[in-house]
Each structure stands twice: as structure tokens, then as C-alpha cells.
Amino acid sequence: MFRVAGLGLALMGLGFSSAAMAEKIAVVNVPRVMSELPQMKVIEAKLKKEFEGRVREMQRLESDGQAMAAKLKKDESFMSADERTKMQRKLAEMQSDYNLKGQALQEDQQRRYGEEQQQVLTKVRTAVDGIAKAQGYDLVLNGQAVIFASPKVDISQQVIDQVSKGK
């Protein structure tokens with residue numbers, strides 16, 4: 001047990017000492033970079049257009065289901081047991097269809113967003129590498145993994161500017 005703890009402390013010490021040996025360190029706030037890139041707004045618009053037909057279909061299914069549920073509730077007392085059962089089954093079928101299509105739509109939207117986001121992340125990584133090499137940084141850290149960093153070592157805006165130029 002003590003050996004494992006000692007090994008863990010030794011490895012942590014190596015990590016801190018290697019970071020301390022780096023002479024020039026920078027930090028990049030990746031979520032900020034991604035949220036401020038114009039490419040992400042373009043992607044959102046592109047995906048909205050790509051999925052607008054399916055979203056409209058979901059809205060239509062929802063309104064049809066609500067209308068049928070309202071009709072069933074309103075006319076239930078005037079219907080025969082057979083008619084009520086048929087309408088309840090039809091409503092359950094519509095609900096099932098709505099849930100299935102909604103889940104598929106959500107999964108497809110997430111998959112496509114992930115694909116598009118991955119392309120932008122590749123450009124961000126390339127920009128970070130270029131800036132680090134050009135400015136002589138020994139180490140560039142993800143800003144989310146750092147407890148504190150001085151604003152003067154934050155190269156996020158430079159990354160945003162460089163990736164934005166590439167559009």
C-alpha cells in the first residue's frame with residue numbers, strides 16, 4: 001500500500017518537475033475558443049438546415065398527437081368502447097412513433113455535430129501547434145486543467161484569431 005502511494009507521489013513529482021522545467025508555458029481555454037469561433041455558428045446554421053425537415057415532421061407529429069388526445073378527451077363519453085379503444089391504440093402508436101423518431105433525430109444531430117466539431121478541433125490543434133512553435137512555447141496546457149494562469153500566458157484569443165482567418 002505504501003509502495004503504491006509512494007509511486008503515485010513520485011510520478012506526481014515528475015509531472016510537476018517536468019512542468020517546472022519548461023521555460024515558456026501557455027494556456028488555451030478550449031471551450032472559450034470553440035464558443036467564439038465563427039465556424040461554430042456556421043456549423044450550427046448548416047446543421048439546423050440539414051435537419052429542419054425532420055424537426056418539422058416531429059412538430060407535426062406532436063401537434064397531431066395533441067389534437068387526437070384532445071379529441072379523445074372531449075368525445076370520450078360519446079364514443080363506443082370499440083371506438084375509444086381504437087383511438088387509444090392509434091394515439092399510443094403515434095406516441096411510440098414520435099418517441100422513436102425523436103430519439104433517432106437527437107442521435108443523428110449529436111453525431112453530425114460531433115463530426116463537424118471534430119474538424120474544427122483539428123484546426124484548433126493545428127493553430128495551437130503553430131502558435132507554440134512560432135512563439136517558442138515549451139508547454140501548452142488546457143486551461144480547464146489549470147487552477148490558475150495569468151492572463152499573459154493565455155493564448156486563446158490568438159488561437160481564435162488564427163482559426164477564424166482560416167474559416
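This is a predicted model: local features need pLDDT of at least 70, side-chain atom pairs count only at pLDDT 80 or more; totals for chains, interfaces and linings use all residues.
I took helices (H or I, at least four residues) and strands (E, at least two) as DSSP runs, numbered from the N terminus. Residues are numbered from 1 along each chain as its sequence is written, and side-chain values use heavy atoms, with hydrogens and water left out.

**Fold.** I counted five helices and two strands in the protein chain. Along the sequence I read the pattern α-β-α-α-α-β-α.

**Contacts and surface.** I defined contact as heavy atoms within 4.5 Å. Of the contacts between residues at least 6 apart in sequence, 84% join residues at least 24 apart. I computed accessible areas by the Shrake-Rupley method with a 1.4 Å probe; for residues, only the protein chains shown count as cover. The protein chain has an accessible surface of about 11900 Å², and carbon and sulfur atoms hold 57% of that.

**Burial.** Buried residues account for 23% of the 167 residues.

**S156.** I located S156 in helix 5, which spans residues 156-166. S156 counts as buried because its relative accessibility is 0%. Leaving out residues up to four places away in sequence, I found S156 touching V27, V28, N29, R32 and V33.

**Rings.** I looked for a charge over a ring, that is, NZ of Lys or CZ of Arg within 6 Å of the ring centre and within 35 degrees of the ring normal. K24 lies over the face of Y137, 4.9 Å from the ring centre.

Methods
Buried means under 20% relative accessible area, exposed over 50%, partly exposed in between (1.4 Å probe, protein chains only).
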